Structures are given as C-alpha cells and as structure tokens.
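Open the model in your viewer and keep the selection tool at hand. This tour moves from a helix pair to a set of charged side chains.

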Amino acid sequence: MSATVTTTKSTSTPGKGNGPASRMSLGKVLLIVAGALVALSVLRALVDAAQQADFDRVTSAGQIGAALSMAVPIGLAGLGGLWSERAGVVNIGLEGMMILGTFFGAWAGYQSNPWVGVLAGVLGGALGGLVHAVATVTFGVDHIISGVAMNILALGATTYLAKRWFEPLADIGGSPKNSPQVDPIQSFTVPGLSDWLADLENHHWFLVSDVAGILGGLVTDISALTVVSVLLVVGSFFALWRTSFGLRLRSCGENPTAAESLGVNVYLYKYAAVVISGGLAGLGGVFLALVRSHIYNEGQTGGRGYIGLAAMLFGNWRPGGLAMGAGLFGYSDALQLRNGGATVHALLLLVALGLAALAAWRIVRKSYVAGAVSGAAAVALLLWYALTDTVPNDLVSATPYIVTLLVMGLASQRLRMPKANNRPYRKGQGT
C-alpha cells in the first residue's frame, strides 16, 4: 500500500505533469479570461473599422452562438479521447466513431424522433469503441493502427448502409450521400436576460457590449443537447477525479501493473473507458447531424474527431482545459464561416502581438532559441497584416486547422500524458 502512495506523490511533482502543483490558480485563470475578453474587443473594433458593418461583429450573440455549436462536437470528441487515454488506450478512431454517430443518429431520428436518434448515435459510437477495445485491449493491436482501421471501417460501413437505406428514400430527400430531413431537437432562450443583453450589446460600448454579446450567445437559442454536453464535461470531471471508479480507471492509465496488484480489473476498466469514449464521440456526431444540419451528410464530420484530440492535448488530459481548447477551435471555425477574410486578417494582428509577448516571456526565461522563433513569427505576421487588406479565401477556410497546429506547437512543451498510454498490457503482469 505504501508503494501506491509513493507513486501517487511522484506524479504530482511541481512543474511535472498535471498534478495539483501544476494547476493554475483562480487568479491566473481570471486574468487569462480578462485578457481574452480585451483581445476580442480589440479584434471587434478592428473588424468594424475595416468593414463598417455591425452584422459582422465578432463578439455578437450570433457569432458566439455559432462558435458554441462548432465547439460542442469537438469538445465531445475530445472528452471521449480523455476517457480512453486516461485508461491508457489511445483513441485515434474518434473520427470514425463520430461518423457512426452521425449516420445512426440521423437514421433512427428519421425513423422515430430526434431523441431516439440521439440514443442510436451514442450506441453506434459505443459500438465503434467496443471494436477498438477488443482490438487493443484483448488482442494487443497497436492503438494507432486500430484507430486508423476504425476510421476506415466506419466510413466504408456508413457509405454502404447509406446506399442500402437512404437511396430508396429519394422521393423524400434521401440519397446515397445523405438522409432525409430529421426533426430538430428543442432549443431554448432564457427570457428577459437574453433581451437585456441584446439591448446592452447594441450600445456598441467597448468591452461592456462585447461581454454582453458573449453572454447573450450563451443564453439565446441554445440546443438542449448543448446543455447535455456541458453537463457531461462537468460530470466527467467528478467521475474521474472525485470517485473511486475514476481513481481506478486513471490508475490503469498510469500504472496498470500496480493497479492489478491492488485488485483492479484492468481489462474491465479499459473496456469501460473505451466504450464510453466511443459513446461520447458518437454523441458529437449526433450533434452534427441533428442540431447543426438536421440531416446526415457523407463527410460532415470534417476531421473534427482529430481536432477533438488536439483539444484534449491542449487541455493536458483534463476536462476544463479540453473545454477551453474546444471553445478556441470552435470560435476560429465560426469566424471563417461567418466573417471571412477581413476578420481573419484582423486576427493576424492579435496573433502577432501574442507571439511577441510569448517571445519576450521565453527570452526572460532564457529560452533564447524558442524566443527567437516566436519573435520571427510575430514580425512575419505583422508584415503580413501591414501589407495586405484581407486574407485569401483558401487560407480563410483553413483557419481552424492552422489554429490547431499553432496552438499545439505552443502548448506541446507543457504536456504530460498518462504514463502507460499506448503501452501493451497483458493480464497477470501484476502477480
């Protein structure tokens, strides 16, 4: 028992990993939030000055609502990856499990009602998770190979089933590429508060109206499935960090041999984690099919399973950081869809200033090479901003992917994955 205590303490060494000493204080979090709000206000002012158009305000309730709808499927995929990897199983197959969720969610939603579709999509994703668990946990297949195979299998299976099930429904909108229309899931608006925030937003006051627009987007026309998703993030934190079940599951990802020696059924917990992972990814797919578009379309996941993994890494395998990463990627995705080149062009200036601050911080910390690289990137972006008026459409559409690469490049030095992640485990090693 003493060995277990020693192991636990070693994972919480200051500056190492995600132990208590490495968590940010509430003051630092509030300071980051305040800085982000000011940055968004500056970005909005730049865009308004360039476009002279209020409907393109980047902090409007419509913009934030769109960003939230973009962030939810990314966050659910990332949450699925967190469950799986906390148990020691890398889940590259999240994209395929999302595809299964989109297909079965739309199919069952058309056959019955949207909430039956939600259940079917979750079960479809969980089935994909079960296949991945059998391959990786029982047969010891390399996790990356199994995940890639899961993505290929899901795409092929749904393409075949769409031809069989949706093509005969051509008279009501079905085709080999898409399902018929599905009834929408209920959405709601907080009465009174939404109107008050909208009035405050329309005053166009610096920062105050921007904050009102952001809050308004969080209480206006919100899908019930969005609320469920937020509760799942909070519930996952309590399940994994505040229960004995979560402690045992995380021990399988840190030291499965020690966990087994203490009586933990490592196989069972790994299976449970990967199946839950698939179900969460499937729910992300359901959101795309039943909330975002009310229809299944081939290829509608658009790589969001991979971006969800990036959000999980950005959050250092913790739900709070994951939610922040999903929000960042969702916002950048909504920017390029609603505002186009002028907004992304203004974003160049903010990114350049952020890189300049990062360069100064790294030089102060005596990381001269990293500081020089960040400084050079800041100068390049400043020149780009000064010498152009907009950003080409091809780069605008790639904004969320570029943001993903940039964020991961800057955050990679502080990451600490579970120690036994992607390592083979065979029953009996702890005896």
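The model is predicted.

**Stop 1: α3 against α13**

Select helix α3, residues 61-86, and helix α13, residues 304-314. Their axes lie 7 Å apart, at an angle of about 65 degrees. The crossing of α3 past α13 is right-handed.

Now show the side chains in the contact. From α3, pick M70, P73, I74, A77, G78, G81, L82 and E85. From α13, pick R304, G305, I307, G308, L309, A311 and M312. Colour these residues by type: 9 are nonpolar, 4 polar and 2 charged.

**Stop 2: R304 and D333**

Stay on R304, one of the α13 residues in that contact. R304 belongs to helix α13 and D333 to helix α14 (residues 319-338), so the bridge ties together parts 29 residues apart in sequence.

Is R304 buried or exposed? Its relative accessibility is 11%, so R304 counts as buried. D333 is also buried, because its relative accessible area is 8%, under the 20% cut-off.

**Stop 3: K177 and E298**

Next, select K177 and E298. Their side chains meet in a salt bridge, at 3.2 Å from N to O. K177 sits in the loop between α6 (143-165) and β1 (187-188). E298 sits in the loop between α12 (266-292) and α13. The pair therefore ties together parts that are 121 residues apart in sequence.

Check the accessibility of each partner. K177 has 48% relative accessibility and counts as partly exposed. E298, at 30%, counts as partly exposed.

**Stop 4**

Select R416 and E254. They form a salt bridge, with the closest N and O atoms 2.8 Å apart. R416 is in the segment after α18 (399-411), while E254 is in helix α10 (residues 244-254). This pair links distant parts of the chain, 162 residues apart.

R416 counts as buried, at 14% relative accessibility. E254 is partly exposed, with a relative accessible area of 21%.

Which residues does the network of salt bridges link here? R86, E254 and R416 are linked in it.

**Last check**

Zoom out to the whole structure. How many salt bridges does a search of it find? The search finds 4.

Terms used: Residues are numbered from 1 along each chain as its sequence is written. This is a predicted model: local features need pLDDT of at least 70, side-chain atom pairs count only at pLDDT 80 or more; totals for chains, interfaces and linings use all residues. Side-chain values use heavy atoms; hydrogens and water are left out. Axes are lines fitted to C-alpha atoms, for helices over the stretch in contact, and angles run from 0 to 180 degrees between N-to-C directions. Helices (H or I, at least four residues) and strands (E, at least two) are DSSP runs, numbered from the N terminus. A crossing is left-handed if the near helix is turned anticlockwise from the far one by less than a right angle, and right-handed if clockwise. Contact means heavy atoms within 4.5 Å. Ala, Val, Leu, Ile, Met, Phe, Trp, Tyr, Cys and Pro count as nonpolar, Asp, Glu, Lys and Arg as charged, and the others, Gly among them, as polar. Buried means under 20% relative accessible area, exposed over 50%, partly exposed in between (1.4 Å probe, protein chains only).
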